[in-house]
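Subject: Structure handover

Hello,

Here is the structure I promised to pass on. Please have it open while you read; my notes follow below.

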Amino acid sequence: MEKMNGTENNGVFNSTEMEYIRRHHNQQPGENQCSSALVKHIRAPVPLVWSLVRRFDQPQKYKPFVSRCVVRGNLEIGSLREVDVKSGLPATTSTERLEVLDDNEHILSIRIIGGDHRLRNYSSIMSLHPEIIDGRPGTLVIESFVVDVPEGNTKDETCYFVEALIKCNLKSLSDVSEGHAVQDLTEPLDRMHELLISG
């Protein structure tokens with residue numbers, strides 16, 4: 001991988017993150033491509049985070065730039081989705097193919113195959129890994145990508161743009177997941193409180 005970027009640790013990966021990247025994110029950029037990986041630590045358990053990530057048919061559940069998504073065919077490897085992008089970005093649509101959906105290893109990979117944008121030959125891999133954060137189950141999310149460098153842009157410019165999009169998506173994934181996790185923790189307490197009051 002040509003460029004690596006830990007989003008929460010000043011661009012430096014720890015040994016655990018490096019091992020996961022080596023094992024699951026073997027992106028091989030060509031001569032006119034750039035590649036990078038980003039990490040996010042989320043205070044929510046893997047099953048909860050994965051329930052959002054695996055929904056190839058509903059990326060708008062956590063991706064803030066997606067306004068609409070239509071999947072053609074069943075949800076399986078090779079399935080295509082047509083994504084409508086919210087205004088403000090240099091694109092309006094994207095056609096994406098599901099490459100990997102592994103419920104055991106918690107890996108999702110997609111490839112962009114069309115649309116009115118400049119992300120040619122874009123492919124990404126997301127992997128989720130369990131970790132403990134402050135004594136509670138958490139999730140380490142790693143997302144890597146490889147993409148062509150558009151004519152008139154440098155590798156650094158291209159990586160910076162894609163990384164900015166991914167950082168927004170990962171922050172939103174974290175916010176949504178952690179919101180659900182707090183709800184899952186407080187709902188049983190609320191019910192117990194109601195029972196105590198009504199009893």
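Which residues of helix 1 are buried? They are Glu17, Tyr20, Ile21 and His24. Buried stands for under 20% relative accessible area, exposed for over 50%, and partly exposed for what falls in between (1.4 Å probe, protein chains only).

Two notes on the source. This is a predicted model, so local features need pLDDT of at least 70 and side-chain atom pairs count only at pLDDT 80 or more, while totals for chains, interfaces and linings use all residues. Residues are numbered from 1 along each chain as its sequence is written, and side-chain values use heavy atoms, with hydrogens and water left out.

Overall layout

The chain has three helices and seven strands. Helices (H or I, at least four residues) and strands (E, at least two) are DSSP runs, numbered from the N terminus. Read from that end, the order is α-β-α-β-β-β-β-β-β-α. Of the 199 residues in the chain, 43% are buried. Among contacts (heavy atoms within 4.5 Å) with a separation of 6 or more, 56% join residues 24 or more positions apart.

The seven strands form an open sheet in the order 1-7-6-5-4-3-2, with antiparallel pairing. Pairing requires at least two DSSP bridges between two strands. Strand 1 (33-42) and strand 2 (66-72) are the edges, and each pairs on one side only. On average, neighbouring strands are turned by 25° against each other, direction ignored. Angles here run from 0 to 180 degrees between N-to-C directions, with axes fitted to C-alpha atoms, for helices over the stretch in contact.

Some pairings in detail:

- Strand 1 and strand 7 (residues 136-148) run antiparallel and are joined by 10 bridges. Gln33 stands opposite Asp148 of strand 7.
- Strand 4 and strand 5 share eight bridges, also antiparallel. Val100 faces Ser109 in strand 5 as its opposite residue. Four residues separate the two strands in this hairpin, where His106 takes a positive phi near 60°.
- Strand 5 and strand 6 are antiparallel over five bridges. Ile107 has Ser127 in strand 6 as its bridge partner.

Helix 1

Helix 1 (residues 15-24) packs on the sheet. It touches strand 1, strand 5 (107-115), strand 6 (123-133) and strand 7, and its direction makes about 50° with that of strand 7. Its buried residues pack against these four strands: strand 1, strand 5, strand 6 and strand 7. Ser15 and Arg22 are exposed on the other side of the helix. At the start of helix 1, a side-chain oxygen of Asn14 comes within 3.0 Å of the backbone nitrogen of Thr16.

Helix 2

Helix 2 (residues 46-53) lies across strand 1, strand 4 (93-102), strand 5, strand 6 and strand 7. It runs at about 160° to strand 6. Helix 2 is mostly covered, with six of its eight residues buried. Those six are Val46, Leu48, Val49, Trp50, Leu52 and Val53.

The cores

A nonpolar core is a set of buried Ala, Val, Leu, Ile, Met, Phe, Trp, Tyr and Cys residues joined through side-chain atoms within 4.5 Å. The largest one has 30 residues. Val49, Val53, Tyr122, Val141, Phe145 and Leu173 have the most contacts inside it. Strand 1, helix 2, strand 5, strand 6, strand 7 and helix 3 (155-198) each supply at least two of its residues. Another core, of seven residues, lies apart from it and includes Phe13, Ile21, Leu140 and Ile142.

Tyr122 deserves a look. Leaving out residues up to four places away in sequence, Tyr122 touches Ile110, Arg111, Ile112, Glu143, Phe145, Val146, Val147, Val162 and Ile166.

Two loop residues

Most residues other than glycine have a negative phi. Asn121 is not a glycine, yet has a positive phi of about 55°. Asn121 sits in the loop between strand 5 and strand 6 and is partly exposed, with a relative accessible area of 45%. Asp134, also not a glycine, has a positive phi of about 55°. Asp134 sits in the loop between strand 6 and strand 7 and is exposed, with a relative accessible area of 63%.

Best regards

How values were computed: A polar contact is a pair of N or O atoms within 3.5 Å; within protein, one must be able to donate a hydrogen and the other to accept it, and residues adjacent in sequence count only if both atoms are side-chain atoms.
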